[in-house]
Each structure stands twice: as structure tokens, then as C-alpha cells.
Amino acid sequence: MARRVMPLLAQWSSRVFSVELDRSASFYFALQETQQKEVPEVFRNVREHERCYSLFACSDDRVQRAKFYGDLKDKLLKALPSECELLAMSSFLPDVKDSLIKGYFLKDASELSGPTERVLSDLVQNDPVLVCSYLRREDGRLWSQQLWSQAERRGGVSEEYYVVPSEAPHYHPSTLNIINSDVFYSFKDAYEVLDECRDIILESKAVLKLVDQRQEARHKPDFPVIVIEGLDATGKTTLTESLREALGATLLRSPPQCLSPWRARFDQEPPLIRRAFYALGNYITAEQIGQEAMQTPVIVDRYWHSTAAYAIATAVSGPVCHLPSEGSEVYCWPGDLLQPSLVVLLTLDPEERRKRLQDRGQGQTEEEQELDHNHLFRLKVEEAYRKISGPACVTVDASPSADQVLQQVLLLIRDKCHL
């Protein structure tokens with residue numbers, strides 16, 4: 001862990017810290033050497049007997065770091081006293097890409113500090129983690145932060161920084177790490193993640209063997225390629241089947257069927273690994289598109305837009321305005337991935353979509369379940385869809401009858417693709 005920790009500590013006092021009270025509200029604080037009487041909001045309601053700590057996943061090995069953070073919450077909940085409360089937390093250097101580290105803010109209301117601090121000490125000794133404690137000064141009018149790991153390396157003497165309020169960044173700090181962590185922009189970058197997992201996730205070898213057999217897709221197919229995007233129950237399946245018949249086209253679905261044996265396995269993994277798996281699926285789909293589009297038009301049920309939109313909306317907590325602005329590089333199409341001729345985004349009133357889902361009675365992924373009960377998450381997914389460029393989505397209202405939607409999309413295809 002030392003190689004990863006040393007660069008972090010060199011700029012530790014320049015970092016900003018974010019604590020999420022829930023998925024829609026974050027509170028920020030920073031560090032400084034001089035006292036300041038204003039207390040950061042996250043500490044204002046800490047009762048006199050409560051103690052505060054923070055833990056950050058920290059390792060040079062990005063796969064190890066992702067898996068450790070993914071397991072950390074369950075590990076803490078099992079080991080800590082029941083009086084402890086955990087809140088998602090992160091630390092970052094403002095406007096510095098890849099500077100975000102993730103962890104948890106721990107508020108301990110138990111009677112004794114010993115049990116909690118033994119758990120944290122074990123983590124420091126055995127796991128890729130940085131632990132901080134927060135000390136109350138002047139009856140709670142001042143708070144300071146001390147790094148446990150730093151104190152150990154310096155013979156028990158730790159630098160102490162005062163904790164001060166900090167303004168919220170314009171965009172959520174997770175946007176600093178989206179590229180090649182939540183969303184992948186080249187085959188090579190996604191492949192490297194699964195390659196690093198060979199020894200710890202045996203299924204990675206089978207997936208890599210499959211993608212190694214693929215042929216690079218042509219970037220300019222002979223026939224048009226039309227992608228249909230949208231949330232579940234917006235009518236994608238009905239529309240894609242109808243388009244296949246109306247255009248004499250080939251219908252493909254993404255993720256490709258050949259990845260089905262491993263989807264449940266990779267759905268259990270942290271975002272870095274899960275997103276890399278699905279990113280490789282897009283390149284397999286691209287190969288299939290390239291082959292079929294030499295002979296007929298191709299209709300694709302979901303493609304890179306879905307992969308990116310869901311990943312961005314999941315990574316960025318808080319309101320829609322926290323998403324990167326339109327034109328940001330996170331919305332740019334991967335340079336080595338076959339581009340479709342047209343992307344249609346089906347939209348539907350939330351109540352009507354929920355009714356259709358109930359009528360279908362089919363199982364949903366975790367992210368699809370989140371769409372149903374989290375209005376904010378749905379809005380962020382839809383907004384991310386709209387901001388993706390190269391090509392951008394053309395929005396179509398899916399609330400009319402299936403035939404009306406089909407006719408509208410056929411008009412778009414004739415206009416944009418000259419079919």
C-alpha cells in the first residue's frame with residue numbers, strides 16, 4: 001500500500017472531502033493548519049459522546065482497490081458495534097482527474113471507543129486502507145483530523161489539520177474518475193481491466209478468450225445501422241421486431257447473447273470490473289454489426305449509449321445538475337467503436353412505463369429496479385442519454401400506439417439513412 005499512500009499524503013492538505021448524507025445531498029470540508037471557528041455541517045450535529053472517523057480504500061492495484069471498497073461496507077457492518085453509522089465518503093483534489101478516492105465516514109455512538117478502534121487498527125494493519133480520526137476541540141466549536149497510518153510511519157507523531165467548511169464543486173467529484181473507471185472509451189482500456197482480473201476472477205479468462213477471437217469491425221458499414229435506446233418497458237422490443245420486418249433488416253441485441261453465461265457473475269463485481277465486462281460486449285456487438293451490415297440494414301436493441309448513460313447516472317450522486325455539462329469528454333463516442341447511422345431514444349411517461357413493467361411481470365436488474373423507485377436516478381439516466389454525442393440520440397415519444405411509433409421511426413430512418 002505504501003506506493004499508493006505516499007503520493008496521497010504529499011498533497012493531503014490540498015484535498016477536499018465529501019460526505020453523503022443520502023444520495024441527493026453531500027457536505028464538503030477541507031483541511032488547513034490554522035484555526036477557523038466555522039464548523040463543517042457534517043460535524044454540527046455530532047453529539048458530545050460520539051466519535052468520528054473516516055476510511056479510504058487505497059491501493060496501487062486498481063482491481064484490488066475496487067474490490068476492497070466494494071466489500072468494505074459489509075465488512076464494517078459485521079465487525080463494528082451496532083451503534084456505528086456509516087456514510088459514503090470521498091476525497092479529491094479539485095479539478096484533478098483520477099484524484100478521487102472512496103471510503104466511508106464513520107460516526108460511533110457506542111459507549112466505549114475500544115471495540116471500534118480495534119476494528120480500524122486491524123484494517124490499517126491488514127488492508128489497503130487509510131484511516132483518519134476527528135478530534136473535537138473547544139466543546140465542538142473546532143474539529144481536527146489525524147491520519148492513523150501517517151502517525152504509525154512517523155513513530156506515533158501525526159500532523160494535525162483543522163477541519164473547515166468547503167464550497168461544493170460545480171460538478172460531482174465522481175466525474176473526475178468516470179473515464180476508464182465507470183465508462184470505457186477504447187477496447188484496449190476495457191480489455192486491460194479484465195486481463196488484470198485473470199487470477200482472481202476465473203471467468204475473465206473465458207471472456208477474454210471470446211473477445212480475442214473477434215475481428216475488428218468496419219467503421220463504415222455498407223448498410224445503415226439503427227440503434228434503438230430507452231429505459232425498460234418503453235417499447236424497444238416491439239419496435240425493433242417491427243423494424244426488422246418492415247426493413248428486411250437483421251436484428252441484434254446488446255449485450256450479445258454469447259456473454260449470457262457470465263453476466264450474473266460480473267453483475268456481482270464492483271463498477272470498474274462490471275463496466276469493463278459490458279464495454280467489451282459492445283465491441284463483440286460491433287463485430288456482429290459489421291458482418292451483418294455488409295448484406296442488410298441492421299437494427300440494434302441497445303448499444304454504447306445504454307452502457308454509458310447508466311454508468312454515468314450511477315456514478316454521479318445528487319441532482320441532475322451534478323452531471324458533466326454537455327460537450328464533456330465523458331459523453332464522447334469511443335474512437336475505435338463502430339458508430340451507428342442513427343440512434344433513436346424512446347421516452348415514456350414514468351407512470352405509463354411503470355404500468356407496462358407491472359403488466360410484463362419480468363425480473364429486473366438492480367439498476368432497472370433503481371429506476372422504478374428513484375425518480376432522480378431516472379432523470380439522470382435520461383439526461384445522460386441526451387448528452388451523448390457522436391452520434392446523438394433522436395428522441396421519440398413512445399406513448400402513442402406501437403404502429404404510430406413505428407411509422408414515426410420509419411420516417412426518421414428514411415430521412416436520416418435514405419432507406
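Analyst: A helix axis here is a line fitted to C-alpha atoms over the stretch in contact, and an angle between two axes runs from 0 to 180 degrees between N-to-C directions. The model discussed below is a predicted one.

User: Why are helix 6 and helix 10 called oblique to each other?

Analyst: Helix 6 (residues 187-196) and helix 10 (residues 271-292) have axes that come within 8 Å and cross at roughly 130 degrees. Angles over 145 degrees would count as roughly antiparallel and those from 65 to 115 as roughly perpendicular, and the pair is therefore oblique. The crossing of helix 6 past helix 10 is left-handed.

User: Which residues of helix 6 and helix 10 meet?

Analyst: From helix 6, Phe187, Ala190, Tyr191, Val193 and Leu194 take part, and they meet residues of helix 10 including Leu272, Ile273, Phe277 and Tyr283.

User: What makes the placement of Arg214 relative to Phe187 count as a charge over a ring?

Analyst: The charged end of Arg214 is 4.1 Å from the centre of the Phe187 ring and sits over that ring, where the distance cut-off is 6 Å from the ring centre.

User: What is the relation of helix 7 to helix 9, and why?

Analyst: Helix 7 (residues 203-212) and helix 9 (residues 260-267) pack at an angle of about 135 degrees, with their axes 11 Å apart. That angle makes helix 7 oblique to helix 9. Their contact is made by Glu203, Ser204, Ala206, Val207 and Leu210 on the helix 7 side and by Trp262, Arg265 and Phe266 on the helix 9 side, and the crossing is left-handed.

User: How do you know that strand 10 and strand 11 are paired, and in which sense?

Analyst: Pairing requires at least two bridges, and strand 10 and strand 11 (residues 298-301) have 4 bridges in the parallel sense. Within this pair, Leu252 stands opposite Val300 in strand 11.

User: What makes strand 10 and strand 13 edge strands of their sheet?

Analyst: The open sheet has 5 strands in the order 10-11-9-12-13 with parallel pairing, and strand 10 (250-253) and strand 13 (393-397) each pair on one side only. The twist in this sheet averages 25 degrees from one strand to the next. Helix 8 (residues 236-247) packs on the sheet, and its direction makes about 175 degrees with that of strand 11.

User: In which order do the 8 strands of the barrel run, and what is their pairing?

Analyst: They close in the order 1-2-8-7-6-3-5-4, and the pairing is antiparallel. The average twist is 30 degrees from one strand to the next. Strand 3 (residues 51-57) and strand 6 (residues 129-137) share 6 bridges in the antiparallel sense, with Ala57 opposite Val129 in strand 6. Helix 3 (residues 62-79) touches strand 3, strand 4, strand 5 and strand 6, and its direction makes about 10 degrees with that of strand 5.

Note on methods. Residues numbered from 1 in each chain as written. Predicted model: local features only at pLDDT ≥ 70, side-chain atom pairs only at ≥ 80, totals over all residues. Heavy atoms only, no water. Lys NZ or Arg CZ within 6 Å of the ring centre and 35° of its normal. Helix = DSSP H or I, 4+ residues; strand = E, 2+ residues; numbered from the N terminus. Contact = heavy atoms within 4.5 Å. Parallel < 35°, antiparallel > 145°, perpendicular 65-115°, else oblique. Left-handed = near helix turned anticlockwise from the far one by under 90°.
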